[in-house]
Amino acid sequence: MFEIEGIVIRATPFRENDAVVNVLTNDRIISFLARGVLKFESKNAPTVNLFSKAKFQLSKGKEGFSLRSGELHTSFPHIKDNISTLAIADMIGEITNKFIQNDDAAKVYNWFSKALELLDEGFDPFTIGLIYFAVVLKETGYQLNVDSCVICGKTSQITAVSYLDGGFICKDCYMPSKHVQCDSRKLKIIRYIFKVDINNFDKVIFTKQECLELINDLKKFAYDNAQIDIKSINLLNKI
């Protein structure tokens, strides 16, 4: 028997009363079978709910890991109080499930945990979702070049962004048929979300419209470059 601590990022019903649970820890993603947790009287049920942060005691058998017991730390209960907050939580959960492999877990665990904490505390959900999306892209190798023109390397007169070329475009390299021209505000936001550190996660707030526009841009960028479709964003756009 051994112990892990982490956050539930997926819980899939299995058989009649069991669930297969995926937990993001600070160094890996681990899956285990939680027997009987779908029963109303199960003492372990609260620990395997989506986004629960808990300590789990696991045993290893021929069929893999199975849950012996769980100790709930927090369930981030206030995330469900607001539809926008819940929708963003679903989005960052889907992003985590689809992008993060074991090698990436250590890079995003603190960000994921902090995102849930901020959502639970009532911080602007759209800003959290946008920053977290950019962080995951960066940490999994899909970062945009926001330091200079991705074509010529020029650091001044940046006027556009190219999701096809992978970064900022200067005035001299700008092609109207190919690149998306941006005002200075949007360029500053794009640079910020790819450069911010975790200590400044909650230091700025962008408008809902600004966030949704860029979240949809990143959704297309993720699909074009990684063939990953974040479907929860479709619902987010309807809120």
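**A guided look at the cores, helices and strands**

Visitor: Which residues touch the most other members of the largest nonpolar core?

Guide: A nonpolar core here is a set of buried Ala, Val, Leu, Ile, Met, Phe, Trp, Tyr and Cys residues joined through side-chain atoms within 4.5 Å, where buried means under 20% relative accessible area, exposed over 50% and partly exposed in between, with a 1.4 Å probe and protein chains only. This is a predicted model, in which local features need pLDDT of at least 70 and side-chain atom pairs count only at pLDDT 80 or more, while totals for chains, interfaces and linings use all residues. Residues are numbered from 1 along each chain as its sequence is written, and side-chain values use heavy atoms, with hydrogens and water left out. Of the 61 residues in the largest nonpolar core, those that touch the most other members are Phe-99 and Phe-133.

Visitor: Which element gives the most residues to this core?

Guide: Helices (H or I, at least four residues) and strands (E, at least two) are DSSP runs, numbered from the N terminus. Elements giving two or more residues to the core include strand E1 (2-14), helix H1 (83-99), helix H2 (105-121) and helix H3 (125-139). With 10 residues, the element that gives the most is H3.

Visitor: How far apart are the end C-alpha atoms of H2?

Guide: The expected span of a helix is 1.5 Å times one less than its number of residues. For the 17 residues of H2 this gives 24 Å, and the computed distance between the end C-alpha atoms agrees, at 24 Å.

Visitor: Which elements do the buried residues of H2 pack against?

Guide: The buried residues of H2 include Val-108, Trp-111, Phe-112 and Leu-116. Counting contact as heavy atoms within 4.5 Å, the buried residues of H2 pack against E1, strand E2 (18-24), strand E3 (29-34), strand E4 (53-61), H1 and H3.

Visitor: Is Asp-18 buried or exposed?

Guide: Asp-18 is found in strand E2, and, leaving out residues up to four places away in sequence, Asp-18 touches Thr-12, Pro-13, Leu-33, Ala-34, Arg-35, Gly-36 and Leu-38. Because its relative accessible area is 11%, Asp-18 counts as buried.

Visitor: How many bridges pair E4 with strand E5?

Guide: Two strands pair if DSSP finds at least two bridges between them. E4 and E5 form a hairpin with 2 residues between them, and Gln-57 stands opposite Ser-69 in E5. The pairing of E4 with strand E5 (residues 64-74) is antiparallel, and its number of bridges is 9.

Visitor: How many disulfides does a search of the whole structure find?

Guide: A disulfide is a pair of cysteine sulfur atoms within 2.5 Å. Cys-170 is in no disulfide, as the nearest cysteine sulfur, that of Cys-152, is 3.6 Å away, and Cys-182 is in none either, with the sulfur of Cys-149 nearest at 13 Å. The number of disulfides found in the whole structure is 0.
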